[in-house]
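Hi,

Here is the structure I promised to pass on. My notes follow below it.

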Amino acid sequence: MYRILIVDDEDNIRRLIAKYAAYEGHETDEASDGREAVMKCRARQYDIVIMDVMMPELNGFSACREIRSFSDVPIIMLSARGAEYDRISGFELGVDDYVVKPFSPKELMLRIDAVLKRGRKKDEPRGDAPKAEIFSQGGLSVNLSARIVTIDGARAEMSPKEYDLLFYLIKNKNIALTRERLITEVWGYDYCGDDRTLDTHVKLLRRSLGPYARFIVTLRGVGYRFDTDA
């Protein structure tokens, strides 16, 4: 059972999500604006937050930014706006998934389950601490064990999913990776999003890598390759 905070200024949307969540056996709490959501996240622990973007008092992006200052609770954004700019803004803030309205409540439940399953896998104990795994090429240094990336000596700050994508590309360097494989391995086999999510994260990752964005090569009609000879 998950404890879910549903944040939306529309009563009918909150009721619909709460109904499906209750059917799946989850506990829900509700907030009608971003400011109330921040207050509730400070007062109580949630397993995941479902956050609308366009709300009074404090919009979803601003609320997410405040929540991220004190909590790493998974967040799924809801929005009637599906523009790439909005998706990038959400992912840059550390949002775990992005769902465009109108949406299927059943699909939303699957996305919630997928996000939380991925989180549990990362937190599972792995026995003895592994030796540091470090990739270095030119001025790019990536410590996969510590999740630290430095570019020409300066530490780079990335979203969790950017790190996941970069590490998977590096572990499979010089191999052509299909879009389907990347989505399956990085987002999970049960991920029900679309290719735009992958493209958006590749764009963000290239921006974060600066001059070393050239290592991520687009393979038209196939996917991507992390090419150390690029």
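Helix 6 and helix 7 are oblique to each other, because their angle is neither under 35 degrees (roughly parallel), nor over 145 (roughly antiparallel), nor 65 to 115 (roughly perpendicular). Helix 6 covers residues 160-171 and helix 7 covers residues 179-187; they pack at about 120°, with axes 10 Å apart. Axes are lines fitted to C-alpha atoms, for helices over the stretch in contact, and angles run from 0 to 180 degrees between N-to-C directions. Helices (H or I, at least four residues) and strands (E, at least two) are DSSP runs, numbered from the N terminus.

This is a predicted model: local features need pLDDT of at least 70, side-chain atom pairs count only at pLDDT 80 or more, and totals for chains, interfaces and linings use all residues. Residues are numbered from 1 along each chain as its sequence is written, and side-chain values use heavy atoms, with hydrogens and water left out.

Back to the pair. On helix 6, Lys-161, Asp-164, Leu-165, Tyr-168 and Leu-169 make the contact (heavy atoms within 4.5 Å). Their partners on helix 7 are Arg-181, Leu-182, Glu-185, Val-186 and Trp-187. By class, that contact has 6 nonpolar, no polar and 4 charged residues.

Helix 6 also matters for the next item, the cores. The largest nonpolar core has 29 residues. Such a core is a set of buried Ala, Val, Leu, Ile, Met, Phe, Trp, Tyr and Cys residues joined through side-chain atoms within 4.5 Å; buried means under 20% relative accessible area (1.4 Å probe, protein chains only). Helix 6 gives the largest share, 7 residues. Strand 7 (140-143), strand 8 (148-151), helix 7, helix 8 (195-209) and strand 12 (223-226) are also among the elements that each supply at least two. Leu-166 is one of the residues with the most contacts inside this core. Beyond its neighbours within four places in sequence, Leu-166 touches Val-142, Val-149, Met-158, Leu-205, Leu-209 and Phe-226. Another core, of 25 residues, lies apart and includes Leu-5, Val-49, Met-51 and Tyr-98.

The other helix pair: helix 2 (residues 34-43) and helix 3 (residues 60-68) pack at about 15°, axes 9 Å apart. They are therefore roughly parallel to each other. Gly-34, Val-38 and Cys-41 in helix 2 meet Ala-63, Glu-66 and Ile-67 in helix 3.

Overall, the chain has 8 helices and 12 strands. Of its 230 residues, 48% are buried.

Best wishes

Conventions. Ala, Val, Leu, Ile, Met, Phe, Trp, Tyr, Cys and Pro count as nonpolar, Asp, Glu, Lys and Arg as charged, and the others, Gly among them, as polar. Buried means under 20% relative accessible area, exposed over 50%, partly exposed in between (1.4 Å probe, protein chains only).
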